[in-house]
Amino acid sequence: MKTKPWVNFCQREMALTISILQLAVCILAFPLYLLNFLGLWNRFCKKLFPYFLVRFSVMYNERMASKKQELFSNLQDFVGPSGKLSLLEVGCGTGANFKFYPPGSRVTCIDPNPNFEKFLIKSIAENRHLQFERFVVATGENMHQVADGSMDVVICTLVLCSVQNEEQILQEVFRVLRPRKMSSDNQWSADEDENQLSRLMKKSRDSPFVPVGIAGFMTVVSYGLYKLKYRRDQKMSIHLIHVRVAAQGFVVGAVTLGVLYSMYKDYIRPRFFSVSKK
């Protein structure tokens, strides 16, 4: 059977379109390749990234202010013998966390990008309740400038996702932390630890439409396979297509309902109850 001429024409048109798009992407990306080849790309990114992070940190703190206040609320409990909290922030960036630290904290900052220093000075000027110790240009995997057991607290936010060696940075954090004795109230108990089933149940309560979608998908597929031998004159391929469409439709419907439920829970319900309380 010969291929129709218009099919060949469409294939040639598609191949030409893809080639044009690839050429356009290469042209647009050529300056980046050139900067990388000349060894200037990393330097350019290090200079530009702080300006982006300054704007991003403002928006991020507005959304995460209550969560950060909750996370950093117990920092004062770790004050050492000196009576002041010695705090090390790894991957400090522009100092977006400074305003959440307890008054009188002695803050040491570490970041591999030296261009953050001027932004840190500005943040310190805006947070007079802190005592700024120094800014160290180093990676979290190699903090040899910080003495062993010299810090009460080590903080790193939005950092571990971008490090090269998570195990090594955690070893460094353990090294610089001052040893503490655990009280009987703070000892870890295996019985209190969440197991896999409890975590799964918690996630199911938070997103109930996920297990509903999975259960519906399995039900539709199981029923379709059961009806396979009763399909009579219907082709197997047609029957399987119907089963697939029904299963996918159930999953898409569950995902859609889940998104709508999340929007209601996160945006509509809080506003409704806040207005009703007022």
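## Burial and contacts in a predicted chain

At 22% relative accessibility, Asn-115 counts as partly exposed. The model in which this value was computed is a predicted one. Asn-115 lies in the loop between strand S2 and helix H3, the latter spanning residues 117–126. Leaving aside residues up to four places away in sequence, Asn-115 touches Lys-46, Lys-47 and Pro-50. The C-alpha atoms of Asn-115 and Lys-46 are separated by 6.8 Å, although the two residues stand 69 residues apart along the chain.

Thr-94 is buried, with a relative accessible area of 7%.

The chain as a whole has 278 residues, of which 24% count as buried. It holds 7 helices and 4 strands, and when read along the sequence these follow the pattern α-α-β-β-α-β-β-α-α-α-α. Among the contacts with a separation of 6 or more, 70% are accounted for by residues 24 or more positions apart. The accessible surface of the chain comes to about 20800 Å², and 62% of that surface belongs to carbon and sulfur atoms.

Helix H4, which runs over residues 166–176, has Ile-169, Glu-172, Val-173 and Val-176 as buried residues. Seen down the axis of H4, the buried residues fall within an arc of 100°, and they therefore line one face of the helix. On the other side of H4, Glu-167 and Phe-174 are exposed. The cover over the buried residues of H4 includes strand S1 (86–90) and strand S4 (153–155).

Phe-49 is partly exposed, with a relative accessible area of 38%. Another partly exposed residue is Ala-246, at 37%, whose place is in helix H7 (residues 236–277). Ala-246 and Gly-224 are 22 residues apart in sequence, and their C-alpha atoms are 9.3 Å apart in space.

The cysteines call for a separate remark. A disulfide is a covalent bond between the sulfur atoms of two cysteines. With a cut-off of 2.5 Å between cysteine sulfur atoms, the count comes to 0 disulfides. For Cys-92, the closest cysteine sulfur is that of Cys-109, at 4.2 Å, which is too far for a bond. Cys-92 counts as buried, at 4% relative accessibility, whereas Cys-161 is exposed, with a relative accessible area of 71%.

The table gathers the accessibility of individual residues.

| Residue | Relative accessible area | Class |
|---|---|---|
| Cys-92 | 4% | buried |
| Thr-94 | 7% | buried |
| Asn-115 | 22% | partly exposed |
| Ala-246 | 37% | partly exposed |
| Phe-49 | 38% | partly exposed |
| Cys-161 | 71% | exposed |

Notes: Residues are numbered from 1 along each chain as its sequence is written. This is a predicted model: local features need pLDDT of at least 70, side-chain atom pairs count only at pLDDT 80 or more; totals for chains, interfaces and linings use all residues. Side-chain values use heavy atoms; hydrogens and water are left out. Buried means under 20% relative accessible area, exposed over 50%, partly exposed in between (1.4 Å probe, protein chains only). Helices (H or I, at least four residues) and strands (E, at least two) are DSSP runs, numbered from the N terminus. The arc is that of the directions from the helix axis to the C-beta atoms. Contact means heavy atoms within 4.5 Å. Accessible areas come from the Shrake-Rupley method with a 1.4 Å probe; for residues, only the protein chains shown count as cover.
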